[in-house]
Amino acid sequence: MNKKTYTLIGSLLCLAILLFLANTFLRGYYLRLVILFAITSIVALGVNVTNGYTNIFSLGFGGTMMVAGYATALMTLPPAYKKAVLHLPLWLEQLQVAFPLALVIAGLLAVVASIILLLPAFRLEGQYFILASMGINIVMGNLAENLRGITHGDMGLRNIPAYTNIWWAYGILLLVIYAIHRLVHSRFGRGLIAISKDQQLASVMGVPVVKYKIISFAIGSFITGIGASLWVHLVLTMNPKAFSLVYVFQVVAMLAIGGIGTLSGPLIGAAILTIGTELLAPVQEGFTFLGCTVPPIFGFVNVFMALLLIVIMIFKPRGLMNGREIGSFICFSKKEGNSNGNSNIKG
Amino acid sequence: MNVLYFLQQLINGLSYGSILALLAIGYTMIYGILGLINFAHGEIFMIGAFCSYLLVSFSGASFWTGLLGAVGGSVLIGLLIEKLVYDPCLKKNPEVLTVFIASFGASLGLRNLFVMIFGDGRRAFPTPEYLEGIIITESGLFLNVKDLLILAVTLILLVVVTLFIKYSRIGTAMRAVAYDPTAAQLVGVNSKTVVLLAFIIGSALAGISAVSYGISFGIVNPSMGYLIGLNGFIAAVLGGIGNVPGAAISGYIIGLGEILFVAFLPPAWSAVRPLFVWALLFIILFIKPSGLFRPNVKIQ
Amino acid sequence: MLKIKNVVAGYGKAEVLHGIELYVDAGEVVALVGPNGAGKTTTIRCVTGQLPIKQGLVTYKEKDISQIPAYQIVNLGICCSPEGRNVFGNLSVYENLKMGGYLIHGKQLYKEQLEWVYSLFPKLWERRDQLAESLSGGEQQMLAIGRAIMSKPSLLLLDEPSLGLAPVVVDQIYEKIEEISHEGASILLVEQNVRLALEISSRAYVMESGQIRLCGKSSELEKDSYIEQTYLGVK
């Protein structure tokens with residue numbers, strides 16, 4: 001057991017203690033915030049696999065997350081509710097699945113959806129593909145509104161069982177981090193990075209480009225699908241406005257701010273967006289400062305975020321982390337004599 | 001199938017198509033020359049509408065002054081965005097993702113800025129009395145004066161712009177830069193001039209489109225640019241990147257298509273309206289991945 | 001007229017030209033030959049202003065042009081037919097030539113130039129309304145040259161005009177290049193086909209790995225043993 005392993009175990013232990021404290025002492029709103037951060041990070045990390053490591057700029061994950069969200073809801077809602085509110089085939093109506101299974105199935109369904117929806121779009125060039133992937137979101141949103149028998153339209157589904165807690169959220173987050181770490185350092189991962197830098201070159205060097213791209217898509221969809229499922233079991237509702245284009249852009253913004261192609265990037269981006277929104281929310285509500293009352297200015301948060309986004313794109317386009325991992329800032333990695341400090345894409 | 005009803009919807013479709021056609025040109029010009037999707041174009045449209053609205057409602061200006069104000073406002077904002085967002089971004093980091101995000105940031109920022117100042121509510125667009133008239137033909141067709149005006153103005157503009165692009169020196173230069181900016185430099189074209197001109201023309205047309213929208217739909221609000229902008233962009237893509245006449249024609253196709261689609265759909269299905277555009281896009285891109293007409297950029 | 005002194009240039013951190021020197025006098029046809037990757041196109045780019053130089057001086061008619069942006073060099077009378085031809089595929093032949101005359105002031109001059117180009121390249125007149133991308137390689141090369149001479153340049157830069165063309169076509173093009181040089185323009189010709197280059201030029205430079213290895217009168221270089229062995233395939 002070397003120093004690195006000790007540090008890892010130590011950090012995990014600290015995290016476990018922090019989570020326990022949070023779970024015990026934080027109430028409602030703040031506890032939700034902490035869990036939400038984990039879920040947002042999971043989604044960001046998932047999108048990073050496709051958009052970051054493989055450099056396929058797809059915006060369609062909103063639509064696939066919707067599929068996962070509705071699936072997990074339908075799988076876990078009590079049959080009585082389903083019977084009353086929806087028009088489902090009998091087997092689906094009666095279906096009641098345990099949470100872990102629901103998570104996995106939702107993830108898999110997201111994968112299926114992404115392959116069916118996005119594969120035909122693959123033959124389109126760069127910007128056309130982006131447009132088509134945007135369209136997926138709008139189409140799915142519209143379908144969700146209109147297929148009332150399945151989704152209850154824009155009234156949405158409610159009283160979804162509250163399965164998500166802090167342990168599930170962070171447990172899965174750690175799993176995802178670990179999985180991506182292993183992925184990036186595997187042969188497959190190196191293939192993805194090669195594709196992201198120069199697709200033709202990668203192909204010539206023997207990387208099965210199309211196959212890898214599809215797998216990367218699938219992995220990204222799976223992870224975001226699980227994130228969607230966790231989210232649904234946290235907020236306990238699901239409606240067509242969830243995971244809309246606005247949400248998609250927020251996630252993309254997180255990746256842009258934090259930096260794509262790294263593990264820390266999405267985490268930092270998620271943190272900044274979540275915390276930033278929280279900090280600025282009171283400003284939006286209106287407050288009293290030094291005796292002057294500032295009235296509520298709705299929209300301020302978004303303007304601020306937008307400005308931040310533009311400034312970062314101009315001055316630090318690779319994101320705040322500039323393509324490096326958090327680990328490179330910590331001293332111990334240098335003491336070990338590793339050259340971890342400066343590699344561009346690390347996992 | 002009522003012929004009268006069909007003709008009525010046809011006029012509606014042409015009017016709506018005019019709004020889209022003008023917007024689409026702005027998208028396709030910028031896209032062709034700079035290679036970027038100007039998400040903020042919808043906001044340029046929106047700000048033009050607001051300029052007109054403010055001038056008429058609060059300064060008592062006439063409708064035509066308001067129109068000029070819309071054009072001026074849109075052009076101003078367009079140039080500002082070019083100078084403050086796109087120019088620095090492209091100079092330092094021309095990667096697709098980066099510029100895309102900056103473009104989106106500009107759109108989001110402007111939209112929410114106006115939400116901050118004016119609130120998200122809808123305001124009534126001041127359409128002058130004389131434009132509210134209706135002409136009733138012998139056959140019983142109801143023609144809105146404003147629809148006819150919109151159609152006439154748009155068609156004239158389209159002809160002017162198309163002729164300009166095709167025959168003028170700098171118009172040809174714009175097409176040349178869209179295809180090969182390096183070679184264009186070598187014959188003496190200053191690409192900066194071309195870019196500014198593209199923004200000016202595109203934004204001006206967006207301003208006119210905005211006023212058309214205002215008198216047609218009667219409302220102004222900060223989010224108005226978002227969805228219609230997206231439709232305008234789809235028209236630009238359908239028309240072939242950088243192809244101005246193509247974008248305009250596609251704008252009409254989408255406008256007509258959407259109106260006729262909804263008109264002949266059973267009422268229960270009307271919520272599916274936004275899907276029409278996307279379905280059209282998917283079908284056309286599937287058959288012809290580069291769009292209906294020949295794009296103006298080098299096909300790799 | 002054109003003087004390149006001690007120029008060091010490259011892309012990013014890589015240095016491609018390690019201090020080269022060459023000049024072109026009025027009315028001359030000067031050839032720049034050498035193997036692939038020697039830096040010939042890089043040299044052209046330094047003259048057109050497409051590539052900033054790191055060290056040295058590029059002057060034209062005694063004026064320092066190394067800081068002038070690419071789109072302004074046409075004003076100085078320098079025109080280029082780039083490597084790969086780079087015609088505007090989405091424009092017609094006529095429109096390409098129109099772009100060549102982008103900076104011409106005066107309708108009369110513009111018309112005269114256009115007539116001259118068409119008389120030089122009758123094929124272009126035949127295909128004047130066709131889209132440039134539908135032309136054959138040889139026709140595109142003629143178009144690239146025609147576009148470059150529209151503004152009546154005093155210095156014409158030709159980068160690899162024979163690239164990818166059949167010998168018959170190449171000969172036709174070289175005939176035209178000769179005609180152009182008789183009209184008075186100076187020409188700097190970059191060529192991989194050394195035989196052709198030495199035939200048409202009065203002086204030549206041989207560039208290898210970013211340095212001028214040999215220079216002198218073309219008639220003498222043709223008989224030089226090193227040139228014969230390395231480039232002309234004579235054993």
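Let me begin with the chain pairs: two of them are in contact, and chains A and B share the most contacts. Please keep in mind that the model is predicted. Chain A and chain C, by contrast, have no contact joining them; their closest C-alpha atoms lie 18 Å apart.

I turn now to chains B and C. Here the contact takes 17 residues from chain B and 19 residues from chain C. On the side of chain B that touches chain C, α6, residues 169–179, and α7, residues 181–186, each supply at least two residues. Which of the elements of chain B gives the most to that side? It is α6(B), with six residues.

Is C79(C) buried or exposed? The count of other C-beta atoms within 10 Å of C79(C) is 26, and the threshold for a buried residue is 20 or more; C79(C) is therefore buried.

Which residues does C79(C) contact, once its neighbours within four places in sequence are left aside? They are V74(C), A148(C), I149(C), S151(C), P153(C), L156(C) and L157(C). For one of these, S151(C), I can give the separation from C79(C): 72 residues in sequence, and 7.9 Å in space from C-alpha to C-alpha.

To close, I return to the side of chain B that touches chain C, where α6(B) contributes six residues.

Key: Residues are numbered from 1 along each chain as its sequence is written. Chains are lettered from A and ligands numbered from 1 in the order in which they are written. This is a predicted model: local features need pLDDT of at least 70, side-chain atom pairs count only at pLDDT 80 or more; totals for chains, interfaces and linings use all residues. Two residues are in contact if their C-beta atoms, placed from the backbone, lie within 7 Å. Helices (H or I, at least four residues) and strands (E, at least two) are DSSP runs, numbered from the N terminus. A residue is buried if 20 or more other C-beta atoms lie within 10 Å of its own, exposed if 12 or fewer, and partly exposed in between; C-beta atoms are placed from the backbone.
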